[in-house]
Amino acid sequence: MSIGIRAALALGAALSFGLTLGCGGRPAARGDAAGGADRAGTGGISATAGMVERDGRPPLPVREVRLATAERARLPRTVEVTGTLAADEQVALGLKVAGRLDRMAVDLGSRVRAGALLARLAPADFTLRVAQAQNALEQARVRLGLAPGAPDTAADLEQTAGVRQADALLLQARTTRDRVAALFAQQLVSRQDLDAAEANLAVAEARRQDGVEEARNRQAIVAERRAELELARQQLADSTLVAPFDGVVRERRAVAGDYVAIGQALVVLVKIDPLRLRLSIPERDARGVAAGQAVALTVEGDPDRHRGRVARISPAISEDNRTLLVEAEVPNRDGSLRPGAFARAEIVVEAATPAVLVPATSVITFAGVDKVIGVEGGRAKEHMVRTGRRAGDRVEILDGIAAGEPVVVEPGNLVSGQPVRAAP
């Protein structure tokens with residue numbers, strides 16, 4: 001190594017040693033002593049530029065937080081359950097007569113009013129049966145002696161042709177018997193002639209009774225023909241299928257041209273306003289449920305909350321799952337709700353009960369434990385809480401804090417003991 005290089009290295013070492021002496025141990029020692037005095041004067045904590053240092057711990061920053069006050073309010077007490085929406089009424093409709101299907105007036109999803117046409121059989125056979133029954137009735141009325149247009153009850157059985165003929169024969173037989181009896185008294189005729197006259201009179205009386213009974217029979221035949229006519233007319237009416245109530249077609253099971261049997265289901269019709277919400281209430285909550293209570297529900301895919309009322313309650317608790325079956329009526333005028341949908345419901349069992357509420361963003365949940373961060377002495381303090389109902393953006397606190405206590409809104413990673421100051 002050259003003499004110049006050695007000289008340069010020696011000069012650098014000297015300069016480094018001098019700087020060490022100028023900036024080293026003593027000034028730093030004085031700073032440490034002053035720092036120690038400061039820490040002793042403040043109880044071992046030093047705050048510099050928004051930092052707090054504890055003995056043996058890293059400094060914690062002073063956190064600016066938003067505070068809210070736990071408020072006392074009144075909330076409805078509810079029972080939360082799940083259930084299924086069902087049609088208020090559902091029926092598989094068929095015809096009371098058999099025949100060839102002439103027309104299907106509805107299809108899947110068709111909305112119909114009560115009395116609207118759903119399906120119709122070919123009417124030819126039924127109209128012919130009506131005409132046949134009408135003619136048979138007219139024949140029976142003529143034999144009973146009824147004038148066209150006269151009511152069936154206008155028939156006078158004593159004036160029918162058969163009865164009048166029998167009356168005439170009876171009168172003749174009676175007159176003959178009386179004449180023969182007078183002649184027999186004068187001994188002008190034999191006993192045999194009188195017996196024959198008596199016999200003829202008895203026959204005439206029997207014929208008269210038979211005439212009356214025949215008239216009554218014809219009157220019954222008129223009533224029978226009248227019933228047959230009404231039956232034929234009813235079958236003609238039954239060849240047309242109409243809606244028994246306002247509803248929507250859930251299924252169509254036949255097409256025009258099919259031959260349908262009596263009672264064969266052609267259309268399944270459901271009534272969707274109102275709907276029935278069927279709920280299974282756990283036994284522990286069943287005691288407070290009563291008819292008329294308000295029900296709020298939501299369904300999948302629908303952000304709206306729908307309202308209803310408890311309408312029917314089962315008299316017994318199911319032994320299989322220890323639940324009580326409850327039905328609520330839910331208005332569905334716009335048809336937005338569908339039978340069969342899964343629903344989450346809340347039954348309001350008490351209109352208003354006292355509650356302590358905090359913002360929902362103040363509650364921290366970790367490992368199944370709920371807590372909120374309060375403020376005490378300028379520092380954050382954790383409170384283990386038990387939550388209850390939710391009311392919009394607020395949560396009920398059942399235990400852990402009292403009304404009037406401050407809580408941190410959106411605490412994030414704030415830890416217990418960290419210094420805090422309220423945001424302006």
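Predicted model: local features only at pLDDT ≥ 70, side-chain atom pairs only at ≥ 80, totals over all residues.
Residues are numbered from 1 along each chain as its sequence is written, and side-chain values use heavy atoms, with hydrogens and water left out.

Reader: How many helices and strands are there in the chain?
Author: Both kinds of element are DSSP runs numbered from the N terminus, helices being H or I runs of at least four residues and strands being E runs of at least two. Under that definition, the chain holds 6 helices and 22 strands.

Reader: What percentage of the residues in the chain is buried?
Author: A residue is buried under 20% relative accessible area, exposed over 50%, and partly exposed in between, with a 1.4 Å probe and protein chains only. The chain has 424 residues, and the buried share of them is 30%.

Reader: Among contacts between residues at least 6 apart in sequence, what percentage joins residues at least 24 apart?
Author: A contact means heavy atoms within 4.5 Å. Among contacts between residues at least 6 apart in sequence, the share that joins residues at least 24 apart is 72%.

Reader: Which residue in β20 is the bridge partner of V358?
Author: Two strands pair if DSSP finds at least two bridges between them. Strand β16 (residues 342-359) and strand β20 (residues 394-399) run antiparallel and are joined by 3 bridges. In β20, V358 has as its bridge partner V395.

Reader: Which residue in the turn between β19 and β20 has a positive phi?
Author: Strand β19 (residues 379-391) runs antiparallel to β20, with 4 bridges joining them. One of these bridge pairs is A391 with R394. The two strands form a hairpin with 2 residues between them, and the turn residue with a positive phi, of about 65 degrees, is G392.

Reader: Is D88 buried or exposed?
Author: K271 has 22% relative accessibility and therefore counts as partly exposed. D88 has 13% relative accessibility, so D88 counts as buried.

Reader: Which helix holds both R141 and E138?
Author: The side chains of these two residues meet in a salt bridge, at 4.0 Å from N to O. R141 counts as buried because its relative accessibility is 4%, whereas E138, at 34%, counts as partly exposed. They are 3 residues apart, about one turn of the helix, and both lie in helix α3 (residues 124-144).

Reader: With which residue does the side chain of K381 meet in a salt bridge?
Author: K381 is partly exposed, with a relative accessible area of 34%. Its side chain meets, at 3.1 Å from N to O, that of E376.

Reader: With which side chain does the side chain of T323 make a polar contact?
Author: T323 is found in strand β15 (residues 323-330) and counts as buried because its relative accessibility is 14%. Leaving aside neighbours within four places in sequence, T323 is in contact with residues including S280, I281 and P282. A polar contact is a pair of N or O atoms within 3.5 Å; within protein, one must be able to donate a hydrogen and the other to accept it, and residues adjacent in sequence count only if both atoms are side-chain atoms. At 2.7 Å, the partner of T323 is N321.
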